[in-house]
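The points are grouped by topic.

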Protein chains: 4
Amino acid sequence: MKIGFIGLGAMGSAMAGHLLEAGHALTVWNRSPDKAAPLVEAGARRAASPAEAAVGAEVVISSLADDAAVEQVVLGEDGLARGLGAGAVHVGTSTISPKLSERLADAHAKKGQGYVAAPVLGRPPAAAQGKLFVMAAGEAGAVASARPVLEGLGQRLFVVGEAPAQAHLLKLCCNFLIFSTIEQLGEVFALTEKGGLDRARVFEVLTESFFSAPVHKNYGRLILDRAYGPQGVPVTLAAKDTRLMLEAGEALSVPLPFASVVRDRWLAARARGEQDLDFAVLARQIAQEAGLKE
Amino acid sequence: MKIGFIGLGAMGSAMAGHLLEAGHALTVWNRSPDKAAPLVEAGARRAASPAEAAVGAEVVISSLADDAAVEQVVLGEDGLARGLGAGAVHVGTSTISPKLSERLADAHAKKGQGYVAAPVLGRPPAAAQGKLFVMAAGEAGAVASARPVLEGLGQRLFVVGEAPAQAHLLKLCCNFLIFSTIEQLGEVFALTEKGGLDRARVFEVLTESFFSAPVHKNYGRLILDRAYGPQGVPVTLAAKDTRLMLEAGEALSVPLPFASVVRDRWLAARARGEQDLDFAVLARQIAQEAGLKE
Amino acid sequence: MKIGFIGLGAMGSAMAGHLLEAGHALTVWNRSPDKAAPLVEAGARRAASPAEAAVGAEVVISSLADDAAVEQVVLGEDGLARGLGAGAVHVGTSTISPKLSERLADAHAKKGQGYVAAPVLGRPPAAAQGKLFVMAAGEAGAVASARPVLEGLGQRLFVVGEAPAQAHLLKLCCNFLIFSTIEQLGEVFALTEKGGLDRARVFEVLTESFFSAPVHKNYGRLILDRAYGPQGVPVTLAAKDTRLMLEAGEALSVPLPFASVVRDRWLAARARGEQDLDFAVLARQIAQEAGLKE
Amino acid sequence: MKIGFIGLGAMGSAMAGHLLEAGHALTVWNRSPDKAAPLVEAGARRAASPAEAAVGAEVVISSLADDAAVEQVVLGEDGLARGLGAGAVHVGTSTISPKLSERLADAHAKKGQGYVAAPVLGRPPAAAQGKLFVMAAGEAGAVASARPVLEGLGQRLFVVGEAPAQAHLLKLCCNFLIFSTIEQLGEVFALTEKGGLDRARVFEVLTESFFSAPVHKNYGRLILDRAYGPQGVPVTLAAKDTRLMLEAGEALSVPLPFASVVRDRWLAARARGEQDLDFAVLARQIAQEAGLKE
């Protein structure tokens, strides 16, 4: 398939690389052009703008940091909506607000373009192997057109609705579940450590009994190893996603007390200068609040 | 092995039945004697008091509702500590406070008896098949003596420490993780339903991706099916466990904001007259607070 | 003084009426023109647009509902910034975000106009008698020019800083203190009522001992009388102010757990259909959550 | 009047001194006898036990730290209930649980003694001048007997019910209002300080407008001055009172989210080693969490 790919951060590069390996024809664009080099070397074509990356593509995929970046790259001057042909489909994998998702759907529809929201669960190594979980939403015809690409990205594709905003809402919920699981585990680790239990044993009991999901194992492991370095997803992004979750709760009149607790953790983390650390550092804050030296 | 078994509620009966099937010699006691009938029919001997159930046993297992019941049955007149021989071991499977656990350990030690805390994870059907998760703590010799029984009860035995209170603390944490997972899922179900997503699809996406642990599947299923009837574990017991968790936090100076949110849910549930419903009814409270008709 | 007055809701009309009585020359404008009639009858001149109301005025006062209204009326086509002369001052009494306050300050500065933020504490009857509390912030010269008007509006004028956004931030804090005092009192009324105490006696003890501020007496009285009708300030506005408070906390990295509790109360109130009731209705929510019939 | 006085801490000594000055005949007892010396010098008689202090007294007043102390001093061997005559009245001024209050009422009733709960609001200097606020509850006859003493202790006497537990419940609520006001003010001070406002100006605006109660002025002043030294009421006692408040909420099924937030603050304070500082130190915790150096 002829695919445009826009946004080559850690996630974007991994996804694009995997699609290239799978034999698709890729045209790539990134704001800082050097990130495109490895893909170009591997056979991708480099575009000079998002619009150019979209010209002639059947599907254009975007992978960007936040609402502002998506708005600029899609709807700005030289944005991909300028280049995308009628009948072609934009697949948005970024975690953005349901509100912007609705605006994108409208803007594309006016030009006869399709828009499929397709946020993903998984970190870059899973992306590089096509092992992501993909939750897609969009008008049925657009989803059908994009299906080969969507299935190529993930080990599992869930089509969750016809309104793109629904996929983004569900993605925000998944991130909320991750963040609040760290809070749960953080409270448990702090309490049991002060009660004299061995941290590794606690981790083993939990993750080999009722609490054995990837969310428990992956993030429990980071807490166990106190692996809070800057290599992962930073506090800044987690704070952004939590804000979007709370805004969705406000728009839909749904109280979300756990999300508010998590929100305050991110603010305290930023106040401590931890904004660039992996968001699992939330667990260290809990431990320190309980008087543990970490 | 010669085993005394005290407390034949849903969990106790299932565990006792399984041990009987496995060929152990059981002497059973329950406050209301009719609950003992099926086991006696199946070959168990009936005792007239906890003390009598303990006489001559290598191991006595207790399975009771709360601190008050355990204190009475173990340390009261005709309590099991009166009957238990020196060198024999009391295995306590109830979810009790770490504080009472310490008192039991002292009382047994003074009589030369062993005490192993062995709270379990799992509902009665798992107990009937020996598929529980058992987290045990106690002095090494006592654990060794009780090991055949502990392994008989569960699919997996975790020995988590030498102080019995540590097993009880960890069990409280497991229950807290269950309760707070219901809060997490309840917030997500309410928000996504108001956002127009299909509940069953949300359940599928979550439990077949990152959130696939038994805690997600079992309790997510109850929420999905709105199965809040009185057949399960009642709000009353969940409220009791949450209180013990918060008391442990207070004793050890560990702030537990999620546990406090859950606490208030139980109080509101009781104020609504839901004290005897399955504790998963917490999710209905969240939905109704968000204006959903349930 | 020659004064333009823009926005004639309950608060605006009361303030404008008081200034007129005090002998100032007023030109007034309101989106729905009928609200201007009583003032015109009393001697005010009617303007056809915000810009026209500003032409020739030494000071223009705005009293509007939210950020969107202020932005439109100040910076929109025919906005007051178009009509205001160089050296004249815009006095903004609305409760808006510190962020918009900064933009207004910049926009006015570029035209040589002054901008003084002057949000007020008090309800319409206080406004009609010039008994408001006024907290003002702005460049010293602009504050000096506006001082006669600022002093005319209130029983007490506090100049709190040179950056207009500071006055708005403090005003958000005052509103937060009001909202969270209702939560405090609501928890106390619910608990003592369930404990068998007489509500009126509780009110008396509190407000005649340590808790005797206007915030306790005014809002405690509404709770005591269950006076939650639509005559007051609606839940919708309180929800907006709480959102601005939380956004300020996010911008400045300050965790605000009490504000989050209050936020969820407003969302639940809206989900119950109470958006147009007086915001003191929060106390009824607390009582009902505790199982009290109200 | 012939008065026994038991418990001569800072509050007790101040109250006893004031009663002595007013011309009452006092017999005093304190666990560590040296605290009685100044009163004995001023004319009080020293008793060898609580029981002895009660013999022949018309009213015995107790002023003690917590439930355990009260239980020991009233109901223990040589407790005041042993010495108190039929028809005489025990006036309990300590902040204790409503539950213990009920037990005391029963125990006294069985001996034909009266029991009036009379917790007080105010610090030692107010006690020394008879300027406390006294909230009393008890059977009408007992209150009538004790009235001269109750009026002597305070600038204002509120009789709040016939069940002593009701006065204790209301006292817990007053303390909760104090604690949660510190949280309110702490959030506001942190936010406004990070927003560039002057702390003293913020204090002035608040306490001279809507937030002018003693609770605002007294505790706001401590925060303003960062006066968190060990001279005041320690975190330990505040944590105890908050626990009793939450237990009352649990007993009466009343969710109390603000009380839970405050609870976690005390636990974190203890974990930081601040248990002996004045409880207003809670505000410093808020400030530091927001990244302010205090």
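Chain A and chain B meet through 60 residues from chain A and 60 residues from chain B. About 5500 Å² is buried between these two chains, and carbon and sulfur atoms give 75% of that area. The model is predicted.

- On the chain A side, L191(A), F210(A) and F258(A) lose the most area to chain B.
- Together, L191(A), F210(A) and F258(A) make up 16% of what the chain A side buries.

**Relation of chain A to chain B**

- Chain A is superposed on chain B by a rotation of 180° with 0.0 Å of shift along its axis, at an RMSD of 0.0 Å.
- A213(A) has the C-alpha nearest the axis in chain A, at 2.2 Å from it.
- Of the contact residues of chain A, 100% recur in chain B; the same surface serves both copies.

**Relation of chain D to chain B**

- For chain D and chain B, a rotation of 180° with 0.0 Å of shift along its axis gives the superposition, with an RMSD of 0.0 Å.
- The two copies are thus related as by a two-fold rotation axis.
- Within chain D, the C-alpha of S260(D) is nearest the axis, 3.0 Å from it.
- The copies meet through the same surface, because 100% of the interface residues of chain D are also interface residues in chain B.

**Helices α9 and α13 of chain C**

- Helix α9(C) spans residues 164–194 and helix α13(C) spans residues 257–271.
- The axes of α9(C) and α13(C) come within 10 Å and cross at roughly 75°.
- Angles of 65 to 115 degrees count as roughly perpendicular, and α9(C) and α13(C) are therefore roughly perpendicular to each other.
- From α9(C), the residues in contact are F176(C), F179(C), S180(C) and E183(C).
- Their partners in α13(C) are F258(C), A259(C), V261(C), V262(C), R265(C) and W266(C).
- Sorted by class, the contact of α9(C) with α13(C) has seven nonpolar, one polar and two charged residues.

**Annotated domain in chain A**

- An unreviewed UniProt entry lists residues 2–161 of chain A as "domain: 6-phosphogluconate dehydrogenase NADP-binding".
- In the model, residues 2–161 of chain A are 42% helix and 25% strand.
- The end C-alpha atoms of this span of chain A lie 26 Å apart.

Notes
Residues numbered from 1 in each chain as written. Chains lettered and ligands numbered in written order. Predicted model: local features only at pLDDT ≥ 70, side-chain atom pairs only at ≥ 80, totals over all residues. Heavy atoms only, no water. Axes fitted to C-alpha atoms, helices over the stretch in contact; angles between N-to-C directions. Helix = DSSP H or I, 4+ residues; strand = E, 2+ residues; numbered from the N terminus. Parallel < 35°, antiparallel > 145°, perpendicular 65-115°, else oblique. Contact = heavy atoms within 4.5 Å. Nonpolar A, V, L, I, M, F, W, Y, C, P; charged D, E, K, R; others polar. Least-squares fit on C-alpha atoms with pLDDT ≥ 70 in both. UniProt positions renumbered as here; feature names shortened; annotations may be inferred. Buried area = accessible area lost by both parts, 1.4 Å probe.
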